[in-house]
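Q: Could you take me on a close look at one part of this model, the salt bridges and what surrounds them? I would like the cut-offs as you go.

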Amino acid sequence: MVLRAMDQPEIITSSVRWTLPLSLAVHGFVLFILVWGAMPRQLQAPVLRAITVDLVSPKQLAAMVAPTPEPEEPPVPAQVTPIAPPVMPPPLDEMVRATDFFAADILADPDNAEVRDNFPMLAGSEQVVQLCNMEALEQLRLADANLVPDALVGYAFDDLSVSGHTLTAEGGAFRSQGRWFHLRYRCTVSPDVRAVAAFEYAIGDPVPESQWEEHFLNSDDDWLD
C-alpha cells in the first residue's frame with residue numbers, strides 16, 4: 001500500500017484541534033479544586049443554650065432528697081363492751097341551803113336524854129350520821145307544813161359518804177304520811193360533833209310503791225315490833 005505524504009499533516013492537525021481544549025479544561029478544573037480546598041474557612045460557632053441553676057441550702061437539699069414517708073394507717077379502735085349505767089333515782093331539784101340549825105337543841109332536849117347519853121358510845125362517823133339525820137328531819141318538817149317527816153333512810157338508793165365532819169347522801173329517802181320521797185342532802189357538823197354547822201338538801205319525786213320493799217322502805221313502823 002502506498003501512502004501519500006501529502007495526506008499525513010491533515011490527520012495530525014485534526015487530532016490536535018479537539019484534544020488540546022479538553023486537556024486545558026481538565027487541568028483548569030483540577031487547579032480550581034486545589035485552590036478551593038486550600039482556602040481558609042470560617043467555622044460556625046456552636047449554639048449556646050442557657051442553663052438555669054437554683055442555689056439551695058444544705059437543709060433544703062436534705063429535704064429534697066429525703067424519702068417521702070408512707071402514710072400511717074389509722075389505728076383500729078379496740079372493741080369496748082358498753083357498761084350499763086347504774087339505776088339512779090329521778091333528778092332532784094336545786095338544793096336548798098339552810099341558815100338555821102336545830103340538831104344541837106334536839107340533842108339537848110330533856111326528852112332525848114337517853115339518846116344524848118348513848119351518843120358518845122357511837123363511832124365517830126356514826127355520830128355524824130345520827131346528828132345529820134336529826135337535822136334533816138327537822139329541816140323537812142319546817143320547810144313545808146304539808147310534810148310530816150317521821151322516818152329517813154340516807155342510804156336507800158346510794159351509799160352514804162362521810163369525809164371528816166361532812167356527810168353526803170345522794171340517794172336518800174324520807175317518809176311523810178305513809179309515802180316515801182327521794183331526798184339528797186349534805187351536812188357538816190362541828191368539830192365536837194354536837195351541832196350542825198352547814199346543811200343543804202333537795203326533795204325529789206315520790207318513790208313508787210313497787211320499789212319500797214327493794215330499798216327497805218316501809219309504810220309504817222309495825223316491822224319494828
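A: The side chains of Glu200 and Arg97 meet in a salt bridge, at 3.5 Å from N to O; the term stands for a side-chain nitrogen of Lys or Arg within 4 Å of a carboxyl oxygen of Asp or Glu. The pair links distant parts of the chain, with Glu200 in strand 6 and Arg97 in strand 1 (residues 96–97), 103 residues apart. Strands (E, at least two residues) and helices (H or I, at least four) are DSSP runs, numbered from the N terminus. This is a predicted model, where local features need pLDDT of at least 70, side-chain atom pairs count only at pLDDT 80 or more, and totals for chains, interfaces and linings use all residues. Residues are numbered from 1 along each chain as its sequence is written, and side-chain values use heavy atoms, with hydrogens and water left out.

Now for the surroundings of each partner. Glu200 counts as buried at 15% relative accessibility, whereas Arg97 is exposed, with a relative accessible area of 64%. Here buried means under 20% relative accessible area, exposed over 50%, and partly exposed in between (1.4 Å probe, protein chains only).

Glu200 also forms a salt bridge with Arg186, their closest N and O atoms being 2.5 Å apart. Since Glu200 lies in strand 6 and Arg186 in strand 5, this pair ties together parts that are 14 residues apart in sequence. Arg186 is partly exposed, with a relative accessible area of 28%. Salt bridges that share partners join Arg97, Glu170, Arg184, Arg186 and Glu200 into one network.

Over the whole structure, a search finds 6 salt bridges. One of them brings together the side chains of Asp150 and Arg175, at 3.0 Å from N to O. Asp150 lies in strand 2 (residues 149–153) and Arg175 in strand 4 (residues 166–176), so the two tie together parts that are 25 residues apart in sequence. Asp150 is partly exposed at 45% relative accessibility, while Arg175 is buried at 3%.

Tyr185 and Phe199 form a stacked aromatic pair, 6.0 Å centre to centre with 25 degrees between the planes; rings of Phe, Tyr and Trp (its six-membered ring) pair if their centres lie within 6.5 Å, and planes under 30 degrees apart count as stacked, over 60 as edge-to-face and the rest as tilted. Phe199 and Tyr201 make a tilted pair, at 6.0 Å and 35 degrees, and both residues are buried.
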